[in-house]
Amino acid sequence: MLTAILSLTLLGAGFGLLLRLSARWLAVEGNPLQTELEALLPGSQCGQCGLAGCRQAAEALIEGTVPVTVCPPGGRALAQTLAETLGVPFDPAAVADPEPRIAMINEAACLGCMRCIQKCSIDAIVGANKQMHTVLNEVCNGCGSCVAECPTGGIALVAVPQSVETWHWHKPGRTPPPPPADFWHWRRLRFRPGHTLGNRPINHPPPPALLRAQPQTHAGDRP
Amino acid sequence: MKLFRIRGGVDVAHRKELSSEEPIMPLPLPSRLYVPLRQHGGAPAEPVVSVGDRVLKGQLLAAPQGSVSAPVHAPTSGEILNIGRQITAHPSAIPQPTIVLESDGCEEWVDLPPPIRDPFAASAASLATRVADCGIVGLGGAAFPTAVKLDAAARGTVDTLVINGAECEPYLTCDDRIMRERAGEIIDGVRIMAHALGATRIVIAIERNKPQALDTMTRAADTVGPEILIVAIPARYPMGSERHLVLLVTGREIPARRLPADVGVSVHNVATARAVHRAVRVGEPLISRVMTVSGGAVRRPRNLEVPIGALVCELLDAAGGTTEAPARLLAGGPMMGQPLHSLVVPVVKGTSGILALAASEIRTAPEQGCIRCGTCVSVCPCGLVPMEMAALIRHEKLEQAVAVGLHDCVACGSCAYACPSHIPLVQYFHYAKGRLKQLGHEQRRRDLARRLAASRAERLERIARAKREAVAARKAAAAAKKVAEAQAHGDGPVGSAAGS
Amino acid sequence: MTAETITEPSGPYAHADWSVRQIMLRVMAALVPATVFNAWVFGWPAVFLFAVTVAAALIAEAICLWLAGRPVGASLADGSAALTAWLLAFSLPPYAPWWIGMVGAVIAIVIGKHIFGGLGQNLFNPAMVARVALLISFPVPMTLYVLPTGFGLLAAPPGFLDGLVITFGGQGIPDALSAATALSAVQTQLGLGQPATVAVASAVAPWRMAAGTMAGSLGETSALLLAAGGVYLLWARVITWHVPVALAGSMALLSGLANAIDPARFPGADFTLLTGATVLGAFFIATDPVTSPVTRGGQLVFGAGCGLLSWVIRSFAGYPEGLAFAILLMNAATPLIDRGMRPRVHGRTRHGRPLTLERLR
């Protein structure tokens with residue numbers, strides 16, 4: 001029995017020493033989790049999370065002082081990915097709007113005051129003093145920090161306009177969201193009676209109300 | 001001629017007898033034509049006319065943009081009513097820029113470019129320019145600008161021109177009728193294209209289920225000499241797929257992610273050849289094409305010569321209307337065609353047919369679990385394992401699906417056709433390809449935002465630093481000025497002990 | 001930028017006249033001749049055992065589907081549970097007590113199939129899982145066989161009431177009826193030192209092996225009728241020739257070679273092919289689509305592996321019939337076979353790299 005106690009003690013001591021040494025020699029620099037989280041976050045330093053920047057947000061996420069829904073531009077998809085990375089439970093229904101949005105300036109309300117341009121952390125708004133301001137659709141990531149800046153309330157977040165370049169077939173088995181307003185307008189007006197597609201009745205739900213500050217335009221429309 | 005082996009493929013019910021004996025009839029001229037600006041692969045064309053303009057038949061409506069693009073011409077004479085957005089036959093039902101033309105019934109032609117007197121003495125560049133100016137795109141369905149293909153092929157070494165007369169999709173008979181009725185025009189167009197490419201060998205592949213077409217084409221080819229070879233290929237889907245046709249007929253396997261031109265072959269549809277003939281010999285741009293209107297729910301299936309921009313409902317009316325509410329309305333064939341969401345959409349250059357299918361013809365059933373029977377593996381002509389890719393995509397492992405060959409899939413639909421569990425395999429692949437593209441797009445946007453944020457921070461820091469330096473410089477200058485003034489006054493009351 | 005706007009499925013919009021239900025029905029149709037023959041020669045107890053097995057399987061499947069929240073009626077109608085039970089019943093001794101059938105069916109359906117996720121998700125062949133579990137847990141009832149009746153051995157098979165007593169009475173098989181299967185008889189004789197030729201001749205006459213009038217489970221007899229069913233399945237394109245030919249071929253090759261080398265120790269190829277569950281396994285059990293590889297080359301490897309392992313177990317191991325174990329072992333290897341035997345993609349080499357261009361631009 002003595003041999004057993006002795007040998008187990010020695011083994012335990014030996015392995016403990018190995019672990020101690022490996023903790024010193026094989027230690028990982030920095031926090032890989034933080035790098036990973038920073039890569040997931042948009043990186044636009046917009047400040048909508050309430051913290052100084054994306055690096056601080058990553059640190060706060062690791063500490064657990066902020067929830068995974070802290071980043072508005074990331075939306076539900078980002079919150080879900082952060083939850084999976086951190087291993088925390090996440091309820092997708094808790095995040096309100098899954099649709100990506102971008103800012104849109106109502107030209108009629110623009111004063112040319114430059115306040116939104118100075119606020120935007122990724123230079124997504126172009127314009128000059130007393131000149132019209134406009135948002136670059138390809139750059140804006142919908143963080144919303146410019147919305148509060150506009151003195152006339154001329155900026156709103158609208159759904160990203162769809163185009164054939166970004167459309168793709170939906171995944172089988174999932175119910176996709178209803179199509180955009182244009183589609184229903186055409187279908188209601190131009191579909192001739194008596195020519196139904198199969199036995200399905202054409203009584204689809206009305207389109208959802210969109211946040212709009214101006215009549216809907218489309219990416220690529222000429223002025 | 002020796003044919004090489006193609007693995008896989010399915011024996012579909014061809015259902016061509018519905019319309020194969022109907023001669024090509026012109027569609028009665030519609031009162032309004034809706035001409036989309038993007039009817040081809042590549043950038044959409046830009047309008048060169050305005051609302052209210054009067055245009056003549058064949059006049060340029062929209063000019064090509066960039067190197068991969070094609071112009072759009074007026075299908076008839078009339079007045080431009082509107083240039084705006086309309087729903088087209090794109091499956092997304094997203095409105096596309098479209099020119100609405102009200103026809104005046106006169107069918108007055110514009111001054112067409114002069115016919116090229118002797119195409120076989122003309123340069124390849126001039127032929128390609130004529131083909132480009134006439135807006136000719138691949139009429140087999142992909143609608144890729146033909147001139148770009150001719151250019152790219154002529155730059156390399158193309159020795160074989162393969163003409164695709166297979167028409168492997170069920171129901172469609174437009175190519176069959178063109179070959180039976182316009183064989184001479186096709187052969188002439190083929191020879192012109194071969195001359196433009198510098199191809200020494202010409203092969204026209206026609207499926208065995210078209211014996212009359214084989215006969216007329218062979219006789220037409222014989223009149224011009226022995227250089228054109230007409231080949232009867234097995235009537236199996238998807239023999240008309242470009243990659244597999246090249247392998248079947250020439251024995252050359254196009255490497256992954258490469259084009260037929262890389263193995264010295266150029267593939268074009270018979271209808272495209274006919275359009276090239278008309279462009280070169282007559283100067284006529286591509287403003288109409290033959291389309292099949294067929295299906296179990298169509299009263300009188302027909303082959304119609306249709307001006308681009310006619311509405312689907314007008315085509316169905318010309319075919320006698322529908323006998324029942326169609327279970328599926330398609331543009332193209334049942335295997336690779338796109339669903340139509342409305343009858344009020346225009347047909348475009350790439351539309352080969354309109355199908356109104358009855359419920360008994362489409363055999364839908366609810367999706368069941370995969371039983372790993374291996375049928376999809378045995379029918380896939382590309383040698384992929386569709387059930388594995390679909391399983392990975394179902395679990396959102398898109399990168400792994402790419403690793404097992406997602407981008408090598410031509411989306412022919414053989415696997416989904418044969419699957420006993422009715423799994424929509426091709427839809428999984430379409431979804432995965434689209435989602436990967438979307439994720440790549442989002443990643444690029446994030447990278448752009450990161451770069452912009454960093455450069456903005458750097459710019460602000462630079463401005464602040466410059467300001468600080470300017471302030472410091474001003475302070476230093478003011479201090480130096482004070483010292484200098486103090487020195488200047490130093491000779492007076494406040495003297496310097498060490499001065500003078 | 002979600003761009004999902006349309007509810008319609010994408011193409012293709014045509015479909016072959018083919019479904020899971022059709023496959024299952026055709027396999028069952030191929031089994032019918034052998035089933036009817038067995039019912040005739042073995043009598044009512046076999047019928048009762050069969051009925052109990054199938055009924056228990058259907059009930060177990062219905063309960064599992066209900067628990068999983070899947071539509072019960074539609075899923076039962078595809079016939080896969082009934083087919084599993086049918087094949088399981090074919091591998092049981094015909095006069096086994098009713099609870100063997102019931103326990104086997106429950107093991108096959110619950111542990112062999114639904115624990116993995118239902119149709120198409122199981123790794124191992126459910127009927128074989130159940131058979132092996134029963135064989136190991138209840139060796140005595142699972143190894144008591146009887147001689148078929150007719151052909152001069154017994155006047156008539158047990159009647160309806162006698163059959164009820166045998167299956168449900170729990171008293172075991174009357175001594176007058178019991179016999180050993182050809183395989184176990186030969187194994188015993190070899191163990192006693194008799195040369196193989198004598199052992200085989202004393203166990204069963206050659207024509208009996210083919211016609212199926214020898215002792216064995218329902219699937220071990222009537223090799224000819226089962227082979228006929230298998231040929232029908234080949235013709236109907238339900239199965240391909242790769243697995244049956246590989247399995248039977250490897251067994252025939254190995255036993256033929258061994259018999260040529262040492263005829264005293266190893267029976268010949270004809271004995272190997274016609275006894276035991278070789279024919280049943282080759283055409284009906286090893287060809288189970290869910291648990292066998294999906295590629296043709298993979299199926300050849302699978303079949304050869306099953307044949308090899310089965311012959312090895314028969315010749316050198318403790319069990320007279322080893323096909324069930326062989327199939328389970330090869331089922332475990334199926335994912336590996338699938339990964340290694342992928343077909344060559346068009347435009348790429350065997351290793352997945354794009355083909356090199358022979359023509360230079």
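In chain B, 50 residues are in contact with 47 residues of chain A. The model is a predicted one. Between them, chain B and chain A bury about 4,000 Å², and carbon and sulfur atoms carry 58% of this area. On the side of chain B, the residues that lose the most area to chain A are Arg85(B), Arg445(B) and Arg456(B), which together give 14% of what that side buries.

Four salt bridges are counted between chain B and chain A. In a salt bridge between these chains, the side chain of Glu165(A) meets that of Arg38(B), with an N to O distance of 2.8 Å. The count of residue pairs in polar contact between chain B and chain A is 14, with both residues at pLDDT 80 or more. Several elements of chain B each supply at least two residues of the side that touches chain A: strand 3 (46–47), strand 7 (78–86), helix 8 (312–318), strand 16 (338–339), helix 11 (386–394) and helix 14 (425–488). Helix 14 of chain B gives the largest share of that side, 17 residues. Sorted by class, the side of chain B that touches chain A consists of 24 nonpolar, twelve polar and 14 charged residues.

Chain B is also in contact with chain C, through 63 residues of chain B and 42 residues of chain C. The area that chain C and chain B bury between them is about 4,600 Å², of which 54% lies on carbon and sulfur atoms. Four salt bridges are counted between chain C and chain B. The side chains of Arg342(C) and Glu388(B) form a salt bridge with an N to O distance of 2.6 Å. Across the interface of chain C and chain B, 19 residue pairs are found in polar contact, both residues being at pLDDT 80 or more. Helix 1 (20–42) and helix 17 (323–340) of chain C each supply at least two residues of the side that touches chain B. By class, this side of chain C has 20 nonpolar, twelve polar and ten charged residues.

Turning to chain A itself, six helices and four strands are assigned. Read from the N terminus, the elements of chain A follow the order α-α-α-α-β-α-β-β-β-α. Chain A has 223 residues, of which 33% count as buried. Among the contacts in chain A with a separation of 6 or more, 52% are between residues 24 or more positions apart.

The domain assignment divides chain A into domain 1 (32–94) and domain 2 (99–168 + 178–214). Contact between the two domains of chain A involves six residues of domain 1 and eight residues of domain 2. Domain 1 and domain 2 of chain A bury about 510 Å² between them, with 49% of this area on carbon and sulfur atoms. On the side of domain 1 of chain A that touches domain 2 there are three nonpolar and three polar residues, and no charged residues. Zero salt bridges are found across this interface between domain 1 and domain 2 of chain A. Polar contacts between domain 1 and domain 2 of chain A amount to two residue pairs, both residues at pLDDT 80 or more.

Terms used:
Residues are numbered from 1 along each chain as its sequence is written. Chains are lettered from A and ligands numbered from 1 in the order in which they are written. This is a predicted model: local features need pLDDT of at least 70, side-chain atom pairs count only at pLDDT 80 or more; totals for chains, interfaces and linings use all residues. Side-chain values use heavy atoms; hydrogens and water are left out. Domain bounds come from an automatic or database domain assignment. Contact means heavy atoms within 4.5 Å. Buried area is the accessible area (1.4 Å probe) that two parts lose on being put together, summed over both. A polar contact is a pair of N or O atoms within 3.5 Å; within protein, one must be able to donate a hydrogen and the other to accept it, and residues adjacent in sequence count only if both atoms are side-chain atoms. Ala, Val, Leu, Ile, Met, Phe, Trp, Tyr, Cys and Pro count as nonpolar, Asp, Glu, Lys and Arg as charged, and the others, Gly among them, as polar. Buried means under 20% relative accessible area, exposed over 50%, partly exposed in between (1.4 Å probe, protein chains only).
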